[in-house]
Amino acid sequence: MGICLLESGQYEDARQVFQELLNSYTATSNDEYLVKASFLSCLGSVEIYLDQAHFALPYLQEAETIQRTALPPLHPALAASLNSLGDCLRELGRPQEALEKLEEAETIRRTVLPPLHPNLALTLYHLASCLRDLSRPLDALEKLEEAGTIQRTALPPLHPHLALTLNNLGPCLHDLGRPQEALEKLEEAETIRRTVLPPLHPNLALTLYHLASCLRDLDHPLEALGRLEEAETILRTSLPPLHPDLGTTLINLGGCLRELDRAQETLEKWEEARTIFQSHGSRFESHIQRLTQQIDQIKGNV
């Protein structure tokens, strides 16, 4: 049940299920500890989706410790935990540590899995996210292209994991100054996600956000605005009210409105975004400073 809730984007409900499972479970044997590790990994994943990576980290580290003790060193389950741990460390702004975990996961999966296994593609996807954070877009692009090749070969054409890779490939191409190619990848991701996900799933909002960024660069602000307004509606419905993803979407939405000479609406979106980021302390200080400068500039011109 918890996995179904996680996959459908019902993260708060999934958190409750996995927390209850973990609290009620007693482990005495290796096999039972491995079951506990699976609960810890799932709970850690939920916390990451809820932007609570600092809560996720101890769960994922405990799962890793259990698996390193109870499993052979090249076991696929350890690779899965390293994947989640790498994702968590990246969310915490520690991309170099994340890269080390994900490179170990890649080594395990290349060793024990067939060369076109979808789980290898997932590790390549997470590796690419780290490499982008480390300003290595060409290395990231190589990983994503390999992941996409694996997924197009091994998975159905509308599989959510293919959309995940396309959703990362689009911004990577965008970073490299190739917005038209990025748009094509993101439109395919949008088609998949509209087909296979619930209509208010946060992952659809993420695709819409990236699509809007491409459309703005291609001088299509009205199309970008439609995507961003839909993304805002989804995130307000499906995520906590102060989630950073909402703040990031509001920044993009405000920028789009500014291009359309709608200064008062821009101001409202950016002020709300600033409030969201301020609620997270110093973590988003650069966002807050930049927003404050832009807000002051608009107020001076209104």
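1. Loop between α11 and α12. Asp-219 sits in the loop that joins α11 to α12. The model is a predicted one, and in it Asp-219 takes a positive phi of about 65° although the residue is not a glycine. Asp-219 counts as exposed, because its relative accessibility is 62% and the cut-off for exposed is over 50%.

2. Loop between α7 and α8. A second residue to check for its backbone is Ser-135, with phi near 60°, again a positive value in a residue other than glycine. Ser-135 belongs to the loop between α7 and α8 (137-154).

3. Helix α12. The 18 residues of α12 should span 26 Å at 1.5 Å a residue, and the end C-alpha atoms are 25 Å apart, which agrees. Its buried residues are Pro-221, Ala-224, Leu-225, Leu-228, Ala-231, Glu-232, Ile-234 and Leu-235. The cover over these buried residues includes α11, α13 and α14.

4. Helix α14. The same check on length applies to α14 (residues 263-278): 16 residues at 1.5 Å a residue should span 22 Å, and the end C-alpha atoms lie 22 Å apart, in agreement. Thr-266, Leu-267, Lys-269, Trp-270, Ala-273, Arg-274, Ile-276 and Phe-277 are the buried residues of this helix. They pack against α12 (221-238), α13 (244-259) and α15 (285-301). The list of buried residues includes Lys-269 and Arg-274, and a reader going through the model may wish to look at both.

5. Helices α5 and α6. The axes of α5 (residues 76-91) and α6 (residues 95-112) come within 8 Å and cross at roughly 160°. The two helices are therefore roughly antiparallel to each other, as the angle is over 145 degrees. Their crossing is left-handed. On the α5 side the contact is made by Pro-76, Leu-78, Ala-79, Ala-80, Leu-82, Asn-83, Leu-85, Gly-86, Leu-89 and Arg-90. On the α6 side the residues are Pro-95, Glu-97, Ala-98, Lys-101, Leu-102, Glu-104, Ala-105, Ile-108, Arg-109 and Val-112. By class, the contact of α5 with α6 divides into 13 nonpolar, two polar and five charged residues.

6. Helices α5 and α7. Here the axes of α5 and α7 (residues 118-133) come within 10 Å and cross at roughly 20°. That angle makes α5 roughly parallel to α7. The crossing of α5 with α7 is left-handed. From α5, Asn-83, Asp-87 and Arg-90 meet Leu-122, Thr-123, His-126, Ser-129, Cys-130 and Asp-133 of α7. The contact of α5 with α7 has two nonpolar, four polar and three charged residues.

7. Helices α9 and α10. The axes of α9 and α10 (residues 179-196) come within 8 Å and cross at roughly 155°. That makes α9 roughly antiparallel to α10. The crossing is left-handed. In α9 the residues involved are Pro-160, Leu-162, Ala-163, Leu-164, Leu-166, Asn-167, Leu-169, Gly-170, Pro-171, Leu-173 and His-174. They meet Pro-179, Glu-181, Ala-182, Lys-185, Leu-186, Glu-188, Ala-189, Ile-192, Arg-193 and Val-196 in α10. Sorted by class, the contact of α9 with α10 holds 14 nonpolar, three polar and four charged residues.

8. Asn-168. This residue is found in helix α9 (residues 160-175). Asn-168 counts as buried, because its relative accessibility is 6% and the limit for buried is under 20%. Not counting residues up to four places away in sequence, Asn-168 touches Tyr-125, Ala-128, Ser-129, Arg-132 and Leu-144. Asn-168 and Gln-278 are 110 residues apart in sequence, and their C-alpha atoms are 27 Å apart in space.

9. His-210. This residue lies in helix α11 (residues 202-217). His-210 is buried, with a relative accessible area of 18%, against a limit of under 20%. Leaving aside neighbours within four places in sequence, His-210 is in contact with Asn-167, Pro-171 and Leu-186. Asn-167 and Pro-171 of α9, and Leu-186 of α10, also take part in the contact between those two helices.

How values were computed: Residues are numbered from 1 along each chain as its sequence is written. This is a predicted model: local features need pLDDT of at least 70, side-chain atom pairs count only at pLDDT 80 or more; totals for chains, interfaces and linings use all residues. Side-chain values use heavy atoms; hydrogens and water are left out. Axes are lines fitted to C-alpha atoms, for helices over the stretch in contact, and angles run from 0 to 180 degrees between N-to-C directions. Helices (H or I, at least four residues) and strands (E, at least two) are DSSP runs, numbered from the N terminus. Angles under 35 degrees count as roughly parallel, over 145 as roughly antiparallel, 65 to 115 as roughly perpendicular and the rest as oblique. A crossing is left-handed if the near helix is turned anticlockwise from the far one by less than a right angle, and right-handed if clockwise. Contact means heavy atoms within 4.5 Å. Ala, Val, Leu, Ile, Met, Phe, Trp, Tyr, Cys and Pro count as nonpolar, Asp, Glu, Lys and Arg as charged, and the others, Gly among them, as polar. Buried means under 20% relative accessible area, exposed over 50%, partly exposed in between (1.4 Å probe, protein chains only). The expected span of a helix is 1.5 Å times one less than its number of residues.
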